[in-house]
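Please view the sequence and the model together while reading.

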Amino acid sequence: MAVVVDKHPQDAAKVEAQLAVADTTSVDRSGTEEDEYAWTVVLGSSLALFASAGMINAYGTFQDYYESTLLPSSSSASISLIGSLQVFFLYAAGPLTGRIFDAYGTSVLIPLGSVVCVFAMMMVSLTQKDQAYQLFLSQGVLFGIGIALMFNPSVAVMSHWFRRKRASAIGIVLSGGAVGGVVFPILLQHLIPIIGFGWAVRVIGFIIMVCFIVACMTIRTRLPLSGHISWRTAVDLGGFKDVRYILATVAGFVLFYSLFIPYFYIQIYANFRGVPPGISNYLLAILNAMNIPSRVLPGILADRYGSMKLFIPAAALCTVLILGLWLPSRNAGSIVAFSAMYGLFSGAFVSLLATYIAAITPREVYGARLGSVYIFLAIATLVGTPTGGALLKTVDDAHFDRLIVFSGVMMAAGTVVLVAAAVMSHERFRARVSGMFHRRA
């Protein structure tokens, strides 16, 4: 079976597609984690996600600098579209990169993705003031494609080396992206005033180049590869015959539409509220730091309690945090509290959605059906934050209130759809509804 793979604040959803492949292979992998080299592969994959997905999680810092200094003539919506493009490519390219990984492993994707990412960052460093198209091409499109090429094989290769400890290995790898989201914002904030934006980005480019060199040297496959690319199983629309699948897809679209708005705008909001730079510059780092446990623990707990028993409370809490804490926040304490708590609960979304899709989908078509969901998530992430930016035409109380209320309402709507999906997951209720439709027919 082919693999469909991912994020932003944003990357754990691709994991479940890899598990489907790992479980259906006929090769005996028992005890592979006893091989010491397996943990070397974990190191390389963690560094690959640190340097690629970590930059997506750090985009809020870029957004703030672009609006205030580099692109003052551009709207908030157009600037946020640069970051949204990265997340879009990460999800939308899943079926493509999954097929390539099935056929050729990491030998093509990792080196190519490394070169594209480093080249893109060097092009970002050359951007001229008020030339937004340069950032759209370099950071949005080119770097987005590079991330998509890196993420899939970095996660998928874990299934080649681990079985019993696979969840732990994947959790460590995924945490690399969150750590990058902590390190890069702090690094940028300290370097820009000292050496300027251009050289600050070049320094980051050299850092990710070193990480990618280690990744290229350490990441390798172990199991046999197909040697040919098959596109027939890239996506599967058969899931839309199941009302649970439809509701899960709708919920994912609505939730992801607003999920990343706080990641992009929390620092701008803090600066507007007069939060000291010594605090506001670290908000994105705090948000991403709290993402680390929420990328590892939910998958483990979902195996025991069920994904919806975690997903619905997490979505509901995010709704409460947006409308009950972010909306009325006026001081540093409340804004920091929101950043920490939102980072903790929102980080679970991608993994829990993929886990629920796995629970309602036959194993043999799981990767393809997850790929179909990712198409909708890619669209949601592409237009979600620019929509928020369009609501923030002017940085003032009224426009920020519109942005925050919009985020909260979308999150609440997604939570309601999740509840509907959970209700439909009960066999008795689903059978009763199906019977009603049959009687009407």
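Predicted model: local features only at pLDDT ≥ 70, side-chain atom pairs only at ≥ 80, totals over all residues.

Residues are numbered from 1 along each chain as its sequence is written, and side-chain values use heavy atoms, with hydrogens and water left out.

**The chain as a whole**

- The chain has 21 helices and 0 strands; these are DSSP runs numbered from the N terminus, with helices being H or I of at least four residues and strands E of at least two.
- Of its 441 residues, 58% are buried, where buried means under 20% relative accessible area, exposed over 50%, and partly exposed in between (1.4 Å probe, protein chains only).
- Carbon and sulfur atoms account for 67% of the accessible surface of about 16,700 Å², an area that comes from the Shrake-Rupley method with a 1.4 Å probe; for residues, only the protein chains shown count as cover.

- Gln 139 belongs to helix 8 (residues 132–156) and counts as buried because its relative accessibility is 1%.
- The side chains of Gln 139 and Tyr 66 make a polar contact of 2.5 Å, that is, a pair of N or O atoms within 3.5 Å; within protein, one must be able to donate a hydrogen and the other to accept it, and residues adjacent in sequence count only if both atoms are side-chain atoms.
- Beyond its neighbours within four places in sequence, Gln 139 has contacts (heavy atoms within 4.5 Å) that include Tyr 59, Phe 62 and Gln 86.
- Tyr 59 is part of helix 4 (residues 59–70) and is buried, since its relative accessible area is 0%.
- Although Tyr 59 and Tyr 265 are 206 residues apart along the chain, their C-alpha atoms are separated by 9.8 Å.

**Helix 16 and helix 18**

- Residues of helix 16, among them Met 308, Phe 311 and Cys 318, meet residues of helix 18, including Phe 349 and Tyr 356.
- By class, this contact of helix 16 with helix 18 has 10 nonpolar, no polar and no charged residues; Ala, Val, Leu, Ile, Met, Phe, Trp, Tyr, Cys and Pro count as nonpolar, Asp, Glu, Lys and Arg as charged, and the others, Gly among them, as polar.

**Asp 130**

- Asp 130 sits in the loop between helix 7 (106–124) and helix 8, and is partly exposed because its relative accessibility is 31%.
- Most residues other than glycine have a negative phi. The phi of Asp 130 is positive, near 60°.
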